[in-house]
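Hi,

Here is the structure I promised to pass on. My notes on the rings and the ligand follow below it.

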Amino acid sequence: MSSPYIEVDLAKIRHNAHTFVEQLSRRGINTTGVTKAICGHPAIAQVMLDAGVVGLAEARISNVKRLRHAGMTCPITLIRTPMLTQVDQVVEFCTASYNTQLIVIAALASAARRRNKVHGIILMVEMGDRREGIMPNDLASIAHQVKMMRGVTLLGIGANFACLSGIAPDTTKMAALSLLANETEQCNGVFLAHVSGGNSANLPWAFSDKTVGRINDLRLGEAILLGVDPLSGEPISGLFTDAFTLFAEVIETHPNAIIEGSDTDFFCDRHPCTSNQQNTKRLLLALGHQDIDILGLEMPHGNTFIGATSDHLVISQRAPALNVGASLAFQINYSALMRAMAAPDIEIRLLTDQPLSVPLRTPNMNQRKHVRSLHA
Ligand SMILES: *Cc1c(COP(=O)(O)O)cnc(C)c1O
């Protein structure tokens with residue numbers, strides 16, 4: 001048994017993904033499953049596909065390779081602008097990529113020609129987030145140049161919201177993106193099959209009663225994995241928010257007594273020592289900043305966060321406290337999830353109720369029937 005570990009309930013992820021696939025398809029919108037927070041974990045990605053997502057999207061080529069090496073043949077789109085130094089791998093492993101730089105697109109085109117391939121290009125447009133994107137005024141001209149290049153094909157356009165600036169996509173912005181799609185087609189005599197409206201932050205817009213216009217795709221990561229709205233942090237009704245549970249092992253327990261000396265001041269300064277502490281213990285857990293975003297751990301009821309260092313987490317726990325060797329379970333937020341999934345010392349344990357629809361190399365699953373209900 002290795003510790004710490006993260007338990008992944010595949011049935012819950014399947015439920016969440018399937019819920020979006022169903023609800024968005026009624027609005028004419030495809031769901032693309034984003035795997036960057038799970039580091040391109042093949043079995044979790046396959047569960048998204050089994051739930052009906054049309055393809056996968058990834059930010060890093062290393063994660064795309066992990067998916068491909070597991071035997072996955074589905075469409076995979078690179079959603080972070082490709083590095084100029086990685087165009088060969090992008091063309092080899094990705095069906096398409098989101099782009100804003102002509103120099104990169106030209107390099108992708110020649111890499112694709114060398115391989116006798118055609119690489120798909122989706123042009124990312126800046127709509128206010130101020131991260132990646134072409135200025136809307138430049139879109140028609142760049143689309144024209146992409147259209148003229150051999151080795152690439154213009155599949156569509158997309159936008160991204162609420163990542164850097166926290167600006168939410170609203171009806172006006174989404175209507176503007178639809179209009180840009182129409183204008184780009186008219187100017188260039190092309191058809192944009194793919195108009196990708198954004199990420200999990202777009203869901204309130206997608207489920208409003210407003211027309212979706214040309215938007216026919218959303219790229220969803222956080223909402224599928226954690227069942228929350230990334231902007232408000234609120235649970236989305238009908239979804240599981242506990243598909244991932246992190247377990248960390250207790251390595252020391254101590255009375256929470258006030259100790260004479262300087263470290264007393266340290267603890268009492270930051271966490272006033274109250275008589276209440278008579279009923280608590282101080283626990284040391286084998287988990288630290290090197291493994292996870294400690295602030296992204298939700299303290300279970302009866303536990304108080306005291307502090308953390310690179311390899312230790314210190315909490316105060318109400319009696320009767322856990323013993324050395326026992327594990328404490330935490331729910332985690334997005335930031336903790338993506339760090340934990342990449343941490344070499346955190347084992348990933350998959351729980352599932354049914355086999356994957358296609359066999360993967362090394363899926364490493366614990367078949368375990370379990371029925372748990374949605375909690376409100
Ligand atoms: C991370 C990312 C997504 C997915 O975002 P979620 O909030 O996890 O749904 C979609 N598109 C792009 C470009 C991204 O970088």
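A charge is said to sit over a ring if NZ of Lys or CZ of Arg is within 6 Å of the ring centre and within 35 degrees of the ring normal. R349 does this: its charged end sits over the ring of Y5, 3.5 Å from the centre.

Before going on, please note that this is a predicted model, where local features need pLDDT of at least 70, side-chain atom pairs count only at pLDDT 80 or more, and totals for chains, interfaces and linings use all residues. Residues are numbered from 1 along each chain as its sequence is written, and side-chain values use heavy atoms, with hydrogens and water left out.

Y5 also takes part in an aromatic pair with F247, and this pair is stacked, at 4.7 Å centre to centre and 15 degrees between the planes.

On to the ligand: 14 residues surround it, and the closest are K36, S200, R219, G221 and E222 (a heavy atom within 4 Å). Its polar contacts (N or O atoms within 3.5 Å) include an oxygen atom 2.7 Å from an N or O atom in the side chain of K36. An oxygen atom of the ligand is also 2.9 Å from a polar backbone atom of G221.

Best wishes

Definitions and conventions: Phe/Tyr/Trp six-rings, centres within 6.5 Å; stacked < 30°, edge-to-face > 60°. Polar contact = N/O pair within 3.5 Å; in protein donor to acceptor, adjacent residues only side chain to side chain.
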